[in-house]
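My plan is to look up the overall build, then a few single residues.

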Amino acid sequence: MSFASLIKVADADFPTRWGHFRILGFEGVVTNPQPCNEAIPAPATRTEAAVALVMGDIHTGPPIVRIHSQCLTGDVFHSLRCDCRQQLELALATIAEAGTGILLYEQQEGRGIGLMAKLRAYELQDQGRDTIEANLELGYAADCRAYELPAEILKSLGVKAVRLMTNNPEKVDALVSAGIEVTERISAVVPIEPTFDRYIQTKRDKMGHLVS
């Protein structure tokens, strides 16, 4: 897989309850993407979309950056099967408190497998599988995400170093490999609900996420 091009398609004012941002829309073209499911061939090229919420002056020093994968069930419907909404709101609040930062929101529902496959995985989880076992049983990788697009967006914004808010070491490694310096990792740990306790344990024990 290789990154072919990046286009900024929009840049607009974006007031939120956390404060004022600019919302920037980006589309990136990836060539020879890896399939998430071997039974479903990947196209020769794939267009990926992401938005960047930018607050304040992001060039006075390494800004706080959060790379957040779309989660309709959590972010929109406030599902308590996962900690996604809590992490999203923590990131926005942290950026607002600092007065500067970037939230990169990627269209990577269900760790990249898509919404319908994610709901099918939910069914298997109801039968006792964890999140990884469910993905694998459906023929998908445990995690289909890649982070080339966020790195290219940061470069296009003139950001060469960041304070990355994440519990996922793969995000740190991906940015460093792309030439973005990570000067600090900021924890994205949120209070655990009984409904997603096993989900957090799976991320810690099977995916290496830095959670207690």
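I start with a definition: two residues are in contact when they have heavy atoms within 4.5 Å. Among contacts between residues at least 6 apart in sequence, 63% join residues at least 24 apart.

A note on the source: this is a predicted model, in which local features need pLDDT of at least 70, side-chain atom pairs count only at pLDDT 80 or more, and totals for chains, interfaces and linings use all residues. Residues are numbered from 1 along each chain as its sequence is written, and side-chain values use heavy atoms, with hydrogens and water left out.

**Entry 1: the whole chain**

I looked up the secondary structure. I take helices (H or I, at least four residues) and strands (E, at least two) as DSSP runs, numbered from the N terminus. The chain has seven helices and seven strands. Their order along the sequence is β-β-β-β-α-α-β-α-α-α-β-α-β-α.

Next came size. The radius of gyration, taken over C-alpha atoms, is compared with a globule rule of 2.2 Å times the number of residues to the power 0.38. For 212 residues a compact globule would have a value near 17 Å, and the chain's 17 Å agrees. The C-alpha trace spans about 50 × 40 × 30 Å along its principal axes.

Then I checked the surface. Buried means under 20% relative accessible area, exposed over 50%, and partly exposed in between (1.4 Å probe, protein chains only). By that rule 46% of the 212 residues are buried. The chain exposes about 10200 Å², and carbon and sulfur atoms supply 54% of it. These areas come from the Shrake-Rupley method with a 1.4 Å probe.

Is Glu106 buried or exposed? I found Glu106 buried, at 1% relative accessibility. Glu106 lies in strand E5. Leaving out residues up to four places away in sequence, Glu106 touches several residues, including Glu48, His68, Gln70, Tyr147 and Pro150. Ala93 is 13 residues from Glu106 in sequence, yet their C-alpha atoms are 19 Å apart.

Val51 sits in strand E3 (residues 45-55). Val51 is partly exposed, with a relative accessible area of 28%. Beyond four places in sequence, Val51 touches Ile23, Leu24, Gly25, Leu103, Leu104 and Tyr105. Pro150 is 99 residues from Val51 along the chain, and the C-alpha atoms are separated by 9.4 Å.

Just after H5, Gly158 takes a positive phi of about 75°.

**Entry 2: two loop residues**

Where is Glu109 found? I located Glu109 in the loop between strand E5 (101-106) and helix H3 (115-126). Glu109 is buried, with a relative accessible area of 5%. The side chains of Glu109 and Gln70 form a polar contact of 3.1 Å. For this I count a pair of N or O atoms within 3.5 Å; within protein, one must be able to donate a hydrogen and the other to accept it, and residues adjacent in sequence count only if both atoms are side-chain atoms. Among the other residues in contact with Glu109 are Leu72, Thr73 and Lys118, with neighbours within four places left aside.

Ser79 lies in the loop between helix H1 (72-76) and helix H2 (84-98). Ser79 counts as buried at 15% relative accessibility. A polar atom of its side chain lies 2.9 Å from the backbone nitrogen of Arg81. Outside four places in sequence, Ser79 touches Thr73, Gly74 and Tyr122.
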